[in-house]
Structures are given as C-alpha cells and as structure tokens.
Amino acid sequence: MSGDKAVETRQMKKKSASKPSLTDQDGAHGTEPGTVAATPQAKLASQLKLILTSDPELLQNLADTIAACIIGSPPLLKTVSEKLKEALKDEMAEEVKQDVYASVSFDIKRQDDTIDDLQMQVNHAAKQVDSLETKLDNLEQYSRRNCLLLHGIPEKIKESTDQIVMDTISERLKIKLDERDLDRTHRLGPVRSNNTDENTPSRPRPIIMKFCSYNIRNKIFTTKSKLKKTGIVITENLTPKRAALLKATKAIEDVKASWTIDGKIHCITNSNINALPSTPKAT
C-alpha cells in the first residue's frame, strides 16, 4: 500500500508541474511579458465598441434610448443643450463668418465688374457726345458762312438796318450793294433802353448781315481792314463754342494777334508757339 501511495504522489507532482500558471495563461492569450493586463472596464468598453460597430440597428436603438432619456429629463436636457451650444458656437460662428465673407466678396466683385462696365460705357458715350458736338458745331458754323456781324453802328429809332448796311459798305469799303444782295439784316440781342437815348450813350448792338451769296460776303470780309480806326468792325458770325474759344485765345498773354477765317481761329504768338487753348464747351 505504501508503494502505491508513493506512486500516486509522484504522478500528482508531475501534473502540478505540467499545469500552466495564471501568468503563463495570460502570456498564451497574447499579453507580452512585462506589460500590464487590461482592466475589466477597458475590456468591457472594447467589447461594447465591437458590438455597436458591428450592429448599426442596435447602435440606433441605443441612440434613441439616450435621446429619449435626455428629453424626458428637463434638467439633463438643459445641461446637454448648453454643452452642445458651447461646443458648436465657435464652429458655427466661423462658418457664418466664412459664408458672409464669401457672399460679400462675391457682391463686391460683381459690383466692381458692373462699375467697370458702366465706366467703359460712359467713356464710350462721352466720346460719341464729343464727336457729335463737333459735327453739330461744324454744321452750325457752315450754316452761318454767308453771315457777318457789323459792330459800332449807333442805334436809331425806326432805323432800317438794310439801308444802314448798304450805306456803310458803300461809303467805307467802296463796295456797291443793293437790296438783292442782302437776304436779311437785323440787330442782335434784346433792345437796350438807353441805346436810342442820345443823353446816355452805350455800346450799340451789332447788326447781323446775311448775304445772298458767299462771294459777296467774302468780298466784304476781305476788305474789312479799311475800317481800321473808324470804330466800326466787321467780324464773322461764330457759333457760341467758337466765340468762346476766340475770346480765350485773345486772353492768352503770349498771343500777339488772333482772327478767324471761315470759322477757323488763327493766331500769331510772340514766341511762335501754337498758343490755342483747349476748346471750351458751349453754354
């Protein structure tokens, strides 16, 4: 009997020696030597994560349950809402800022493009207006080509400007005219109350002379130098625009003399430099 017990004792010792310990079992399940084993909470969290990610329906049910619990508890709902607001405030503010900036930038770009387009249209229109004004002025001046102005003739009550013109041209320029050479003559501008008053003399209004032909008009205009030192002057009937330009030319200090021929302004300067000013706009 004692021999049998000794055999059993040796067999139990062998089994005990061959059975792995707890540390060996952990090592067999993948825990490396020297590392700390995962806590039960971490293992549970890992398992829950695995279950939820593998079962979308369960995840949705869980989310619905949590939402129902939060909604059913006003204090909890208020706390969660405040946390969400706080978390989303900065993000939403930045998104709104970017949206507003993009919208404003787009509007500014569109307005800049519109302004540029309008500016181009204005510039084009301005050039067209300048061109049309020049053409209109040329046409108006051409319509005055048979006209001259007679300055320095005193005014009289019930005067005949046709007779005054014929007498003046005949006496001063030695050119005989008759009524058939004159289309029309009359004083320019409104009547001045003291022009016919001998006691209060003033500068008389000029007489416009429209001739029936350009040849007669040109013959008279080219001999007007005979009127020097008589107080009588003959000038061309200029458009307001050209009259303003001639006046501006005469006002230039360097201009020695200025005159017009067929509506075109000419001048002589002391320095022999073209001193014509820019054309002013007619008023």
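**Exercise 1. Determine how the axes of helices H5 and H8 are placed relative to each other, and state which residues meet.**

Step 1. The axes of H5 (residues 74–143) and H8 (residues 240–250) come within 9 Å and cross at roughly 95°. Axes are lines fitted to C-alpha atoms, for helices over the stretch in contact, with angles from 0 to 180 degrees between N-to-C directions. Helices (H or I, at least four residues) and strands (E, at least two) are DSSP runs, numbered from the N terminus.

Step 2. H5 and H8 are therefore roughly perpendicular to each other, a label that covers 65 to 115 degrees; angles under 35 degrees count as roughly parallel, over 145 as roughly antiparallel and the rest as oblique.

Step 3. From H5, Glu-133, Thr-134, Asp-137, Asn-138, Glu-140 and Gln-141 meet Pro-240, Lys-241 and Arg-242 of H8, where contact means heavy atoms within 4.5 Å. By class, this contact of H5 with H8 has 1 nonpolar, 3 polar and 5 charged residues. Ala, Val, Leu, Ile, Met, Phe, Trp, Tyr, Cys and Pro count as nonpolar, Asp, Glu, Lys and Arg as charged, and the others, Gly among them, as polar.

The model is predicted: local features need pLDDT of at least 70 and side-chain atom pairs count only at pLDDT 80 or more, while totals for chains, interfaces and linings use all residues. Residues are numbered from 1 along each chain as its sequence is written, and side-chain values use heavy atoms, with hydrogens and water left out.

**Exercise 2. Identify the buried residues of helix H7 and what covers them.**

Step 1. In H7 (residues 214–221), the residues Tyr-214, Arg-217, Ile-220 and Phe-221 are buried. Buried means under 20% relative accessible area, exposed over 50%, partly exposed in between (1.4 Å probe, protein chains only).

Step 2. Seen down the axis of H7, these buried residues fall within an arc of 130°, so they line one face of the helix; the arc is that of the directions from the helix axis to the C-beta atoms.

Step 3. Asn-215 and Lys-219 are exposed, on the face of H7 turned away from its buried side.

Step 4. The cover over the buried residues of H7 includes strands E1 (147–151), E3 (207–211), E4 (233–236) and E5 (255–261), together with helix H6 (161–173).

**Exercise 3. Describe the surroundings of Arg-187 and of Thr-249.**

Step 1. Arg-187 belongs to strand E2 (residues 182–187) and is buried, at a relative accessible area of 10%.

Step 2. A polar atom of the Arg-187 side chain lies 3.0 Å from the backbone oxygen of Ile-153, and one lies 3.0 Å from the backbone oxygen of Pro-154. Leaving aside residues up to four places away in sequence, the residues touched by Arg-187 include Glu-155, Glu-159, Pro-204 and Arg-205.

Step 3. Thr-249, in helix H8, is buried with a relative accessible area of 0%. Its side chain reaches the backbone oxygen of Leu-245 at 2.8 Å.

**Exercise 4. Locate Lys-174 and Asp-262, and report the phi of Lys-174 and of Asp-262.**

Step 1. Most residues other than glycine have a negative phi.

Step 2. Lys-174, in the loop between H6 and E2, has a positive phi of about 60°. This lysine is exposed, with a relative accessible area of 66%.

Step 3. Asp-262, in the loop between E5 and strand E6 (264–269), has a positive phi near 55°. At 42% relative accessibility, Asp-262 counts as partly exposed.

Methods:
A polar contact is a pair of N or O atoms within 3.5 Å; within protein, one must be able to donate a hydrogen and the other to accept it, and residues adjacent in sequence count only if both atoms are side-chain atoms.
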